[in-house]
Amino acid sequence: MYALLIASLLSTTVSLCHGACSEVDSDTEAVAGKGFKLGCISCKMRPEVEASATVDWYFKAKGEADYAHIYNYDEEGQHVVDERFEDRVDWNGSKRSQDIQDASIYLFNVTFNDSGTYRCFFHRLLTYEFYEYQTDVSKVVHLTVVAKATRGTASIVSEVMMYVSIIGLQAWLYIEMVYCFRKISAAGEEALRESANAEYLAIASESKDNCAGVQVAE
């Protein structure tokens, strides 16, 4: 029973985590001639509240002072505003929902001219029982375009930590399984002992009653 409860709790936890929103920073280094995902995630503080959102992306190239509006996404779909990104940008965020929490876009055929600062804006409308509330959230991505992919120390450390976490979780699950098995085995042995003792007492009591009956008959 205990093992089944643990399994059920783990299953429920995994299920909840799968559907949860997690704000992860975008990568910041793209390779010229390749595709690149510009990540932008903004989670709602209260997931149970109904909401809808539209998204705008802006870009400021290196050496420029102002941002240019390059992309919009709303209930009608995506709209590429800046001709520099025409046919090179595609929506890579939340699908089949106006409750947008992932506003990532995918940039095809990256060029060195794409280096610079990108900003994405969430224009979110929260719908409560008696009123609506408008909120705006922005995220910034500083993109560098290189000729050949390089692997930074942070990326290596992040991957190592991921594997360490996986190994640690597996070890914890193994220890938990061994503990549960031993506890169930001990409980089973205790139950068998109690059953054997109860059966022995019942036989002894019956034998005593039989002896008493024989003596009375004599």
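**Questions on a predicted model**

User: In what order do the elements of the protein chain run from the N terminus on?
Analyst: The secondary structure of the protein chain comes to 2 helices and 9 strands. Read from the N terminus on, these elements follow the order α-β-β-β-β-β-β-β-β-β-α.

User: Which strands are the edge strands of the open sheet of 3 strands?
Analyst: The open sheet has the order E2-E7-E6, and its pairing is antiparallel. An edge strand pairs on one side only, and this holds for strand E2 (36-38) and E6.

User: Which residue in E7 does tryptophan 91 stand opposite?
Analyst: Strand E6 (89-91) is joined by 3 bridges to strand E7 (residues 105-107), and the two run antiparallel. Within E7, the residue opposite tryptophan 91 is isoleucine 105.

User: Does aspartate 82 count as buried or exposed, and why?
Analyst: Aspartate 82 lies in the loop between strand E5 (77-80) and strand E6 (89-91). Leaving aside its neighbours within four places in sequence, aspartate 82 is in contact with Ala68, His69 and Ile70. Because its relative accessibility is 11%, and the cut-off for buried is under 20%, aspartate 82 counts as buried.

User: With which side chain does the side chain of aspartate 82 make a polar contact?
Analyst: The polar contact links two side chains at 2.8 Å. The partner of aspartate 82 in this contact is arginine 84.

Terms used:
Residues numbered from 1 in each chain as written. Predicted model: local features only at pLDDT ≥ 70, side-chain atom pairs only at ≥ 80, totals over all residues. Heavy atoms only, no water. Helix = DSSP H or I, 4+ residues; strand = E, 2+ residues; numbered from the N terminus. Buried < 20%, exposed > 50% of the residue type's maximum accessible area, 1.4 Å probe, protein only. Polar contact = N/O pair within 3.5 Å; in protein donor to acceptor, adjacent residues only side chain to side chain. Contact = heavy atoms within 4.5 Å. Pairing = 2+ DSSP bridges.
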